[in-house]
Amino acid sequence: MKRIRMILFALICTCLITMNGACRKTTVQNVSIPENNGSGVDVDLTDLSGNMVYAQVYDMVTSPEKYRRKTVKMRGLFATRTDEKTGELQYGCVIQDALACCAQGIQFIPAEEMRYPDDFPAMGDEITVTGEFDFTMDGNVINCILKGAETE
Amino acid sequence: MERLFTYLQYPFVRYALIVGVLIALCSSLLGVTLVLKRFSFIGDGLSHVAFGGIAIAGVLNVSNDMLVVLPVTVISAVLLLRTGQNKKIRGDAAIAMISVAALAFGYLLMNMFPTSSNLSGDVCSTLFGSTSILTLSIREVWLCIVLAAAVLAMYVLYYNRIFAVTFDESFAQACGTKADRYNLLIAVITAVIIVLAMNLVGSLLCSALIIFPALSAMRLYHSFRNVTIASAVLGVVSALAGLILAILTDLPVGSAIVAVQVLVFGICCILEKHI
């Protein structure tokens, strides 16, 4: 009887962790977004510590539907990339974690016409971006964008 | 303090604190038994095995890596506790052997069959935990609560048997206790906790959660029950303090928790001389 209980415990643990792993990639967190504080910015990442910013941006890129049409302000490292399909040059704001081994980035589209590289900081330099959050799906890949972005 | 209360409004911070406390509680309880059974390094060995399991899951392109990681870790835990009694390969040698072999093969496989463009990021994140604890979903939090409750229930239910097996396995067997079964139970619980703890402090620092609270408690108390209770309290307090410190000051979470545990151990060593 005791042996059965132990085996059952082991099986329950295995099943729970396995189920959790299976659900992990499709889970949408029940996260409440901080209220607009009157500044016109719904999610202000510039006031948060590095770990907090990384975790918040992780949530935004994994559960983007909650943040759609919210005004987001973030500070990170400026980066560019070229879209392989269209050849278009895209701009991004990248957040690194405390160990600087993992990074999350959000693309932004400037509100006004800007010329690269004259109107942008150098690659890897700090940039502050404020824009309306949106996302597109490319198969299973989520592309997060800040539209109408103002840069500082 | 105001900053901390602001951060507590974020659900992922609350999730991290809940899961951190639960993992610390379970691992510190189990730590007393493992330290007394001379298996302090088993957490390290098993977490390296789990790292190897993640690499194998990546090579096999298994979307749910837990399908590979958990069974591999549980089997390794059982083997390690069994080979500990083997006269040819002693417990410490068996752990060292499996630990480094799993780590080496894991890294080898990850390099040969990379699953993402950021290999160093993947390795770093798995080894040191990075901010995994701050990116948990509500489902993972519930899983942790259920598992922690199961571990605690098993520990309380079988406290007397675990106590007997911990101190004198041969005597416990002579008294009719099925020591093998309880060793199996300890092995399974250890593996489950290690797999969960990898989220909190990463693979390399897992064993700190197991050994430091137990060793600190042993500086202050000398009975099994008191050491167990003190270990649980010290483990939870250290994990909470480390987590809050990391969130407020931008330190890596795993390293901050272990640093606090080392500090607590140092304080307990000083207190020991004055008690």
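Predicted model: local features only at pLDDT ≥ 70, side-chain atom pairs only at ≥ 80, totals over all residues.
Colleague: How do the residues that line the second largest pocket divide into nonpolar, polar and charged?

Modeller: The lining holds two nonpolar, six polar and five charged residues. Ala, Val, Leu, Ile, Met, Phe, Trp, Tyr, Cys and Pro count as nonpolar, Asp, Glu, Lys and Arg as charged, and the others, Gly among them, as polar. Residues are numbered from 1 along each chain as its sequence is written, and chains are lettered from A and ligands numbered from 1 in the order in which they are written.

Colleague: What is the volume of the second largest pocket, and which residues are the closest to its centre?

Modeller: The volume is about 350 Å³, taken as the space filled by probe spheres set on grid points joined across faces, edges and corners. Of the 13 lining residues, the closest to the centre are Arg81(A), Asp83(A), Gln90(A), Asp138(A) and Asn143(A). A pocket is an open set of points, on a 1 Å grid over the protein atoms alone, where a 1.4 Å probe fits, with protein on both sides within 12 Å along at least five of seven lines; lining residues have an atom within 4 Å of a point. Strands E2 (71-82), E5 (126-138) and E6 (141-151) of chain A each give two or more residues to this lining, and E6(A) gives the most, with three. A strand is a DSSP run of E with at least two residues, a helix a run of H or I with at least four, both numbered from the N terminus.

Colleague: What makes helix H2 of chain A largely enclosed?

Modeller: Ten of its 13 residues are buried, so the rest of the structure largely encloses H2(A). Buried means under 20% relative accessible area, exposed over 50%, and partly exposed in between (1.4 Å probe, protein chains only). Among the buried residues are Met52(A), Tyr54(A) and Asp59(A).

Colleague: Why is the pair of Phe212(B) and Phe265(B) called edge-to-face?

Modeller: The ring centres are 6.0 Å apart and the planes stand at 65°, so the pair is edge-to-face. Rings of Phe, Tyr and Trp (its six-membered ring) pair if their centres lie within 6.5 Å; planes under 30 degrees apart count as stacked, over 60 as edge-to-face and the rest as tilted. Phe212(B) is buried at 17% relative accessible area, whereas Phe265(B), at 24%, is partly exposed.

Colleague: Is Arg69(A) exposed or buried, and what is its phi?

Modeller: At 62% relative accessibility, Arg69(A) counts as exposed. Its phi is positive, about 65°, although Arg69(A) is not a glycine. Asp250(B) also has a positive phi, about 70°, but counts as partly exposed at 35%.

Technical notes
Heavy atoms only, no water.
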